[in-house]
Protein chains: 2
Amino acid sequence: MQRIVKPLIQKNDTKIVLVVLDGLGGLPVNGKTELETAATPNMDALARESACGLHTPVAPGITPGSGPGHLGLFGYDPLECQIGRGILEALGLGLEVRKTDVAIRCNYATIRDGLIVDRRAGRIPTEQSRRLTERLQREIPSIDGVEVTFAPGMEHRCAVLLRFPQPLEPDAALIPDTDPQKEGKAPLAPVPQSKSAEKVAQVAEKLISRAHEVLKNEEKANFILTRGFSGMPDIPTFEEAFGLRSLAIATYPMYRGLAKLVGMNAPALEGSVEDEIDYLKQQYSNYDFFFLHVKKVDSYGEDGNFNGKVARIEEFDALLPRILAMNPDVLMITGDHSTPAVMKGHSWHPVPVLLRSFYVLGGLCSSFSERECTRGELGIFPTVNLMPLALANSLRLKKFGA
Amino acid sequence: MQRIVKPLIQKNDTKIVLVVLDGLGGLPVNGKTELETAATPNMDALARESACGLHTPVAPGITPGSGPGHLGLFGYDPLECQIGRGILEALGLGLEVRKTDVAIRCNYATIRDGLIVDRRAGRIPTEQSRRLTERLQREIPSIDGVEVTFAPGMEHRCAVLLRFPQPLEPDAALIPDTDPQKEGKAPLAPVPQSKSAEKVAQVAEKLISRAHEVLKNEEKANFILTRGFSGMPDIPTFEEAFGLRSLAIATYPMYRGLAKLVGMNAPALEGSVEDEIDYLKQQYSNYDFFFLHVKKVDSYGEDGNFNGKVARIEEFDALLPRILAMNPDVLMITGDHSTPAVMKGHSWHPVPVLLRSFYVLGGLCSSFSERECTRGELGIFPTVNLMPLALANSLRLKKFGA
């Protein structure tokens, strides 16, 4: 898709706003989905004059994680461009990742006589894990000239970033997990699966033994298990791919991380959805493309809290007029995947989307919902096609062929 | 698609039932299709609470044979996985085919002075052809260490299976038909089109001359013309691809053969649709996936018998409550292709499908028909995507990416 789009790109002064209500899509309870239950007069009015449809993040039947879900929305094929677990974890913990880096997810674990007796170190409290992670950072700032960055996570989790002096080969992180997945077994060695992974494996081996040295007197967390070794995907930046100066407005580190992965500007930000919209307004003249992320819709879905998810959707709807007041040339409202409250998790269901611009048919959907969007002019389409539609609707694409 | 799905598969105790009403899709007569004309209260009620749509077996405008039609439903891309005519014929006649085999369709023909005077040997009666085929089997049990199996067909048709001692190369059956397609011409020689087809061609040449030797005193059927040389496609089994223990319930050998081709259990079975459903009930605890094939819907379509096709659809609808009583986690009802009675044959039209599970929107279609299914939440999609949807709806797929 990017291959077709790139030679057609032309720049102009239009503004594109992509609002991602995380986990927006849902399933019915008492006959109505979360979005159908929510009172959303503003989105309903918008849907009536917008191009509507449903998008499939990865493929029919495939439930996307947050990474593939967002990459698709950003115009990257999530099947071609897969992001390692370590990278996602590091991004989620607020680390900045470069092409010189290998990221690793770590668990604190308990080891006795060479065998893992607890893979999660008794799920030690986050505060204790933070303290241990800070100690590791002080004691192991680097290994053989490789800069080591530790980031504390929740409970027994942390992430490690190994920053090498030079950019790495694409297969430099091809190292299986050292977590044996079962208690009573010895931890595995980090065995390189490619020539260029040998150097990374050596550093990983030293990391593990030095961490044990530092932690050996801890009662529970006396070892680290490493998982999800991964390097940066080799992809063009959002600006290279689409010619857009872009700003990510997100309060959760994971989503800023995903935006940074494609080179978006993604400053640290805290606050409410209202604060996010205020920030959009403040930055409106400085960028072409704005990704505004609303996390809480998904969080309530994940908790199985149908009414909570409904309330978060309504909360956004009430704030929507503030975005409309900026009159973006293209406004898209959608989710990165579905999170039906009845499933308490992500699901494979296509995600409703509306795209408002001067150049749509409209008039096909009476409100904004999963079922109404089946009537829309966009049909059911792969998520990765949304960015070209945004570019087209902002008149940023030239004709293909004469 | 299988490549994406395979690493995500997780097993559970759910049951998936796929009902194939062969040739289900139709075209209007007096304004209504066969499915619209049929009184189908049970399928209509089901459609109202199911995910509905239409699937395209091969590609838009392409009319599928039974082979590609079923392979798509079983989750195999019919363009990547093409099945030779000889294999299909052998399967249809109840032969079991292995990776060491080359299958050939044969016609009894009449030859005089080296020229074919009747390509179908006067369409000799099936009984006579069966007798001749048995004689060939007795006289030619093997050729140069290659086991030869003859299977009698209808009228002038039979099939031959050559079983080699070792598995064959993928291109070992690259041999054109020896049928010159016109009377008054000499039969063609089996000319190998690849290096690894040379051995097969030698055996085929001997087969043809020895068969003529055996048949030379027959008045009509004194020669065999060979067509559709083919070996087994190199594909994973259904269980390897999807992690499902599967049972095919079909009374026609061809459909059991197609199921066996992907490794389904497909015991010989006779009787009515009611008997098939009884067998489903009897075997319900022994498998994860059930393919239940209803042939007669297609047969009446092929005959151009609109009302007969309507009656067969109604007959199935009346039996549907027996399947519903088993309460499968995922129930799909569809066809392998369309067979409009007005066309007296297969057609390219997308095929209506309903998928009932706990995890669908539903509420979009008022009945089960070609036109109502255009309103459904599944849209118009490639047939090969149906299996991933079935797996998703039975919660047998993990999340893709974190």
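Predicted model: local features only at pLDDT ≥ 70, side-chain atom pairs only at ≥ 80, totals over all residues.
How many of the twelve residues of strand β3 (residues 101–112) of chain A are buried?

**View 1. Strand β3 of chain A and its partner strands.**
Strand β3 (residues 101–112) of chain A is mostly covered, with eleven of its twelve residues buried. β3(A) pairs with strand β7 (residues 157–163) of chain A in the antiparallel sense, over seven bridges. Within this pairing, N107(A) lies opposite R157(A) of β7(A). Strand β8 (residues 223–231) of chain A is also antiparallel to β3(A) and is joined to it by seven bridges.

**View 2. The hairpin of β3 and β4 in chain A.**
Strand β4 (residues 115–118) of chain A runs antiparallel to β3(A), and three bridges join the two. I111(A) stands opposite I116(A), a residue of β4(A). Two residues lie between the strands of this hairpin, and D113(A) adopts a positive phi near 50 degrees there.

**View 3. The two domains of chain A.**
Chain A comprises domain 1 (2–82 + 236–393) and domain 2 (87–231). The centres of domain 1 and domain 2 of chain A, taken over C-alpha atoms, are 34 Å apart. In the contact, seven residues of domain 1 of chain A meet six residues of domain 2 of chain A. On the domain 1 side, helix α9 (residues 253–261) of chain A makes the largest contribution, with six residues. By class, this side of domain 1 of chain A consists of four nonpolar, two polar and one charged residues.

**View 4. The open seven-stranded sheet of chain A.**
The sheet of chain A is open and has seven strands, arranged in the order β9-β10-β1-β11-β12-β2-β13 with mixed pairing. β9 (246–249) and β13 (379–382) of chain A are the edge strands; each has a single partner strand, so one side of each lacks a neighbour in the sheet. On average, neighbouring strands of this sheet are turned by 20 degrees against each other, direction ignored. Strand β2 (residues 51–56) of chain A runs parallel to β13(A) and is joined to it by four bridges. T56(A) is placed opposite P382(A) of β13(A).

**View 5. The crossing of helices α3 and α12 in chain A.**
Helix α3 (residues 41–48) and helix α12 (residues 306–324) of chain A have axes that come within 7 Å and cross at roughly 60 degrees. α3(A) and α12(A) are therefore oblique to each other. P41(A), N42(A) and M43(A) of α3(A) meet D317(A), L320(A) and P321(A) of α12(A). The contact of α3(A) with α12(A) has four nonpolar, one polar and one charged residues.

**View 6. The crossing of helices α3 and α12 in chain B.**
In chain B, the axes of helix α3 (residues 41–48) and helix α12 (residues 306–324) come within 7 Å, crossing at roughly 60 degrees. This angle makes α3(B) oblique to α12(B). The residues P41(B), N42(B) and M43(B) of α3(B) meet D317(B), L320(B) and P321(B) of α12(B).

**View 7. The contact of chain A with chain B.**
Chain B contributes 20 residues to the contact and chain A contributes 27 residues. On the chain B side, the elements that give two or more residues are β13 (379–382) and α14 (386–393) of chain B. Of the chain B elements, α14(B) gives the most, with four residues. The side of chain B that touches chain A divides into 13 nonpolar, four polar and three charged residues.

Technical notes: Residues numbered from 1 in each chain as written. Chains lettered and ligands numbered in written order. Domains from an automatic or database assignment. Contact = placed C-beta atoms within 7 Å. Nonpolar A, V, L, I, M, F, W, Y, C, P; charged D, E, K, R; others polar. Pairing = 2+ DSSP bridges. Axes fitted to C-alpha atoms, helices over the stretch in contact; angles between N-to-C directions. Parallel < 35°, antiparallel > 145°, perpendicular 65-115°, else oblique. Buried ≥ 20, exposed ≤ 12 C-beta atoms within 10 Å, placed from the backbone.
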